[in-house]
Amino acid sequence: MNIKIECMRSYTKREIVLIRLLMSKLEENKEAKAIITKKEIMRIHEDYERFLAKFMNNLVIITQNDENLRYYQLIEYIQIEKEQITFYMNMTAFFSKNAFYIKNYLVLNNRITQDLLLHLLNSKEYKDIIKIDKLKEMTKCEGLYPRFYDFEKYVLQSITQDINKHSGFVLEYHKVKNEVYENAKVVAIDFRLGSKNLHKDNRLPKLVLKTKYSSAYNLQNEIYHFIDQHEIRMFNEYFFSPTLFMKLKRLKPGDIIDVNEFLKIIYSFDDEQVQVEFY
């Protein structure tokens with residue numbers, strides 16, 4: 001799978017601040033809208049109406065395997081009231097299988113960090129060893145920072161902090177040297193990208209379903225509906241194990257179900273979907 005994300009124009013620093021705020025609101029209410037007070041928006045930009053008009057006119061473009069071009073407008077429309085502004089989010093952009101990539105891409109500070117994140121997401125097992133010359137080309141630093149100390153301080157550490165602070169990922173890197181002694185020349189960087197919410201047996205963020213039902217049959221339907229909402233394809237669709245059924249029967253209303261406790265995740269990169277079956 002080779003995913004590319006671009007924007008019709010680069011978002012400004014203030015727009016990125018707004019995107020982060022909207023993301024946090026979405027995480028809180030789990031709905032397709034975010035409410036921001038006028039005080040909050042005016043802290044970002046005093047002339048908020050002109051600022052929002054420009055913000056609304058941008059597009060996010062996603063390409064997979066050099067085809068399947070898709071355009072996303074982040075906000076469908078906004079409703080301005082006396083004390084607050086309601087943002088009605090694009091359901092396709094924020095609640096589809098591409099949402100995971102869009103959210104983590106847009107919250108980053110600059111294009112250099114975004115490009116490196118996408119490179120690692122497209123790499124096998126989210127890791128890659130990149131030679132210093134190639135890395136400087138990727139980060140638009142050719143001819144700059146002849147000392148590795150400066151390159152690490154102003155580029156590598158900045159990228160790492162941006163990804164670790166703002167995205168759902170954790171970036172680690174290790175120096176690859178041409179000799180074994182301490183002061184040997186650094187010739188490459190070994191990057192490893194992980195998730196802050198990884199299930200121990202797979203690379204997917206945890207899927208957590210909150211339910212109001214105590215009936216095992218209703219819980220079964222809730223799980224199927226949950227899987228469908230996340231656009232996960234399931235085989236052995238009608239198989240429902242007795243073990244899982246007994247676990248569900250013991251749950252109380254309001255308990256949290258970790259769906260990954262009951263599911264087996266099998267990756268299928270050919271058709272860019274995740275196949276799931278019950279244990």
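This is a predicted model: local features need pLDDT of at least 70, side-chain atom pairs count only at pLDDT 80 or more; totals for chains, interfaces and linings use all residues.
**An open sheet and a helix crossing**

Let me start with the sheet, in which three strands, antiparallel in their pairing, lie in the order β2-β6-β5 and form an open sheet; strands here are DSSP runs of E with at least two residues, helices are runs of H or I with at least four, both numbered from the N terminus, and two strands pair if DSSP finds at least two bridges between them. The edge strands, each pairing on one side only, are β2 (33–37) and β5 (75–80). On average, and with direction ignored, neighbouring strands of this sheet are turned by 20° against each other.

Residues are numbered from 1 along each chain as its sequence is written, and side-chain values use heavy atoms, with hydrogens and water left out.

Between β5 and β6 (residues 84–89), which run antiparallel, there are five bridges, and I78 stands opposite F87 in β6. Helix α3 (residues 48–56) packs on the sheet and touches β5 and β6, its direction making about 165° with that of β5; contact means heavy atoms within 4.5 Å, and angles run from 0 to 180 degrees between N-to-C directions, with axes fitted to C-alpha atoms, for helices over the stretch in contact.

Turning to the helices, the axes of α6 (residues 111–121) and α8 (residues 148–166) come within 10 Å and cross at roughly 75°. In this contact, I112, T113, L116 and L117 of α6 meet I159, D162 and I163 of α8.
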